[in-house]
Amino acid sequence: FPRSALEALRQPIEDGVVTVSRAAATVQYPARFMLVAAMNPCPCGFLTDTTRQCTCTGYERVRYRKKVSGPLLDRIDLVVDVPKIGFEKLTTEVESESSIVIRKRVVAARLVQRERGAINRQMNTTQVKQFCILDEQGLVFMKAAMEQLHLSPRAFTRVLKVARTIADLAGEAKIAVTHLAEAVQFRPKLDLLG
């Protein structure tokens, strides 16, 4: 997609509405949606691959990454690197939670969020201050994360909301440092994106 199309997503992601303005009128449409996007680490796709060498020039990588701006990335809650899956993982049976068990946890977490009055993703500033309270260890951790990762205020708030969700999924009333650390792991990695 062209950068202009991607940049047009910024406000709908943030506000949950699309505003169309014309000479005669301005109309707003509801636009609460879940954005799921995929992007290679570089044009050829092999920058982070351990078995194949990237063939892109530095200029090509920078140009490719600049299609997604920092302000747009700031509005994306979860960024997950998906490495290539090797033969062993494809052919080995791994025990994992069943979808039924995971679904029960998600339903319970959503119920807790509704009882609070807002799904975590949609919490306003007042609700974030009320439901994302950090203890002393959490404050120290987030201060260090903000300084080391250069988190913007928007990214800080998004980390808190994701940490609140992780705590809800674990059935925890308070946000712990482990929840914050996991939430920080979902932020974009600056060395790969810029």
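User: Before we get to the helix pair, how are axes and angles defined here?
Analyst: Axes are lines fitted to C-alpha atoms, for helices over the stretch in contact, and angles run from 0 to 180 degrees between N-to-C directions. This is a predicted model, in which local features need pLDDT of at least 70 and side-chain atom pairs count only at pLDDT 80 or more, while totals for chains, interfaces and linings use all residues. Residues are numbered from 1 along each chain as its sequence is written, and side-chain values use heavy atoms, with hydrogens and water left out.

User: OK, at what angle do H9 and H10 pack?
Analyst: Helix H9 (residues 153–169) packs against helix H10 (residues 177–185) at an angle of about 125°, and their axes lie 8 Å apart; helices are DSSP runs of H or I with at least four residues, strands are E runs of at least two, and both are numbered from the N terminus.

User: What does that make H9 and H10 to each other?
Analyst: They are oblique, since angles under 35 degrees count as roughly parallel, over 145 as roughly antiparallel, 65 to 115 as roughly perpendicular and the rest as oblique.

User: Switching topic, how many helices and strands does the protein chain have?
Analyst: The protein chain has 11 helices and two strands, and from the N terminus its elements run α-α-β-β-α-α-α-α-α-α-α-α-α.

User: And where is Val27?
Analyst: Val27 lies in strand E2, which covers residues 26–30.

User: Why does Val27 count as partly exposed?
Analyst: Val27 counts as partly exposed because its relative accessibility is 36%, where buried means under 20% relative accessible area, exposed over 50% and partly exposed in between, with a 1.4 Å probe and protein chains only.
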